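I opened this model to look up a few local features and helix contacts. My entries follow in the order I made them.

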Amino acid sequence: MSEDGHEQNAHENVPSRQRRRFPGISSRAYEHPADRSALVALRKLSGFDTVFKALSGLLPERSLRLLFLSDSVRVSDQQFSHLNDMLRDACYILDLEKVPPMYVTQDPQPNAMCIGLDEPIIVVTTGLVELLDEEEMRAVIGHEVGHALSGHSVYRTILLFLTSLALKVAWIPLGNLAILAIVTALREWFRKSELSADRAGLLVGQDLRASMRGLMKIAGGNHLHEMNVDAFLKQAEEFESGGDLRDSVLKILNVLPRSHPFTTVRAAELKKWAESRDYQRIMDGHYPRRSEDKDTSVTDSFRESAASYASNVKSSKDPLMKLVSDIAGGAGDLGGRVRRGFGGFAGTTPQDGPPTESANGTAQPPTDAPPRDED
């Protein structure tokens with residue numbers, strides 16, 4: 001189909017505000033490096049290929065489609081026409097030729113997802129539709145179209161199925177462990193894929209403040225008059241840099257069961273990308289094309305992802321990441337730094353030297369510590 005024909009048939013109704021379009025854009029243009037790394041690691045996980053091939057043939061995709069067709073409202077020119085315009089517009093901007101079907105389902109919890117094995121389906125909840133304004137909703141729909149363009153719907157569908165299966169076989173010794181390992185790896189990848197899809201949402205909406213508002217509303221509800229974007233982003237900075245090594249470990253434990261990154265973190269990551277040279281190059285029309293995907297080296301992609309990880313670790317303010325960076329840089333006194341990072345032993349402050357041990361085995365502050373100067 002020609003580009004003109006494609007535009008006339010698939011995207012007849014688009015909103016009036018002019019937005020840049022990205023013909024032939026590859027998902028590589030907006031994919032977060034951690035997304036690619038996590039997906040490579042997932043595919044290398046022992047047993048994943050076997051499970052993936054088995055589930056691809058067993059998952060009841062036709063049943064899934066019939067479920068939404070029978071118990072949700074399909075977006076069209078006759079139903080939720082404003083959402084249909086946004087969907088067509090998103091597909092037009094990202095040059096996704098086949099517009100995926102979208103459904104609105106009754107659920108007060110604000111949520112959206114892109115699922116399906118053969119073809120993607122986009123589902124948004126009534127809670128989300130009622131929460132967001134037009135520009136915020138446009139970013140969310142662009143986010144889901146980004147998932148579709150990246151092929152994320154396949155892995156998301158498997159994650160949903162395996163999460164349900166893990167609950168059903170939790171009573172089986174060892175049987176649940178293999179599923180849990182794959183679910184954990186899938187969740188790690190999906191959290192990173194959300195960062196990629198947030199970028200796609202910004203490319204579609206082309207309004208950073210609207211993207212920020214949408215994330216704030218998902219975190220704090222429809223109370224924009226009580227919230228502030230700059231203060232919200234400061235929360236992300238405090239979350240990253242605050243506390244000691246114990247807090248770093250708790251952050252990891254808190255995020256493991258989640259399918260999405262923390263909302264403040266998503267906002268900070270998106271703002272950082274929006275201010276980057278990579279984003280500006282895309283907006284100027286310089287981006288990878290899908291026609292070049294077949295020539296892309298997996299090794300080069302992985303190398304780029306690894307370099308991005310190393311850069312993020314080096315620049316991170318998180319106590320654990322700073323420790324990792326120092327270890328990689330050959331910093332000395334590792335034992336002392338770990339002790340201080342975890343708040344020291346009883347009676348020790350981070351400024352104290354290593355504690356000595358009393359006869360009864362309790363830690364005591366050093367007796368030969370030099371006196372501190374008084375201000």
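**Entry 1: F80.** I started with the accessibility of F80. F80 is partly exposed, because its relative accessible area is 30%. The cut-offs I use are under 20% relative accessible area for buried, over 50% for exposed, and partly exposed in between, with a 1.4 Å probe and protein chains only. F80 sits in the loop between β1 (73-74) and α5. Its phi is positive, about 50°, although F80 is not a glycine. I note for context that most residues other than glycine have a negative phi.

**Entry 2: ground rules.** This is a predicted model, in which local features need pLDDT of at least 70, side-chain atom pairs count only at pLDDT 80 or more, and totals for chains, interfaces and linings use all residues. Residues are numbered from 1 along each chain as its sequence is written, and side-chain values use heavy atoms, with hydrogens and water left out.

Entry 3: I checked D95 next. D95 also has a positive phi, about 60°, and is not a glycine. D95 belongs to the loop between α5 and β2. Is D95 buried or exposed? D95 is buried, with a relative accessible area of 15%. L96 lies in the loop between α5 (81-93) and β2. L96 counts as buried, because its relative accessibility is 15%. I then took a C-alpha to C-alpha distance from L96 to I25. The two are 71 residues apart in sequence and 9.0 Å apart in space.

**Entry 4: whole chain.** I counted elements. The chain has 17 helices and 6 strands. Helices (H or I, at least four residues) and strands (E, at least two) are DSSP runs, numbered from the N terminus. Of the 375 residues, 43% count as buried. The chain exposes about 20300 Å², and carbon and sulfur atoms supply 54% of that area. Areas come from the Shrake-Rupley method with a 1.4 Å probe; for residues, only the protein chains shown count as cover. For contacts I took heavy atoms within 4.5 Å. Among contacts between residues at least 6 apart in sequence, 71% join residues at least 24 apart.

**Entry 5: P110.** I moved to the loop between β2 (102-105) and β3 (112-115), where P110 lies. P110 counts as partly exposed, because its relative accessibility is 28%. Which residues does P110 contact, leaving aside neighbours within four places in sequence? They are T125, G127, L128 and L131.

**Entry 6: cysteines.** I looked for disulfides, meaning pairs of cysteine sulfur atoms within 2.5 Å. The structure holds 0 of them. C91 is in no disulfide; the nearest cysteine sulfur, that of C114, is 9.9 Å away. C91 counts as buried at 0% relative accessibility. C114 counts as buried at 3%.

**Entry 7: α7 with α10.** Two packed helices are described by the angle between their axes and the distance between the axes. I took axes as lines fitted to C-alpha atoms, for helices over the stretch in contact, with angles from 0 to 180 degrees between N-to-C directions. Helix α7 (residues 134-150) and helix α10 (residues 208-220) come within 8 Å, axis to axis, and cross at roughly 85°. α7 and α10 are therefore roughly perpendicular. Here under 35 degrees counts as roughly parallel, over 145 as roughly antiparallel, 65 to 115 as roughly perpendicular and the rest as oblique. On the α7 side I listed E135, E136 and A139; on the α10 side, A210, S211, R213, G214 and K217. By class, this contact has 2 nonpolar, 2 polar and 4 charged residues. Ala, Val, Leu, Ile, Met, Phe, Trp, Tyr, Cys and Pro count as nonpolar, Asp, Glu, Lys and Arg as charged, and the others, Gly among them, as polar.

**Entry 8: α10 with α13.** α10 packs with helix α13 (residues 263-274) at about 175°, axes 9 Å apart. That makes α10 roughly antiparallel to α13. α10 brings L208, S211, M212, L215 and A219; α13 brings T263, R266, A267, L270, K271 and A274. These residues divide into 7 nonpolar, 2 polar and 2 charged.

**Entry 9: S211.** S211 counts as buried, because its relative accessibility is 8%. Not counting residues up to four places away in sequence, S211 touches A139, L202 and L270.
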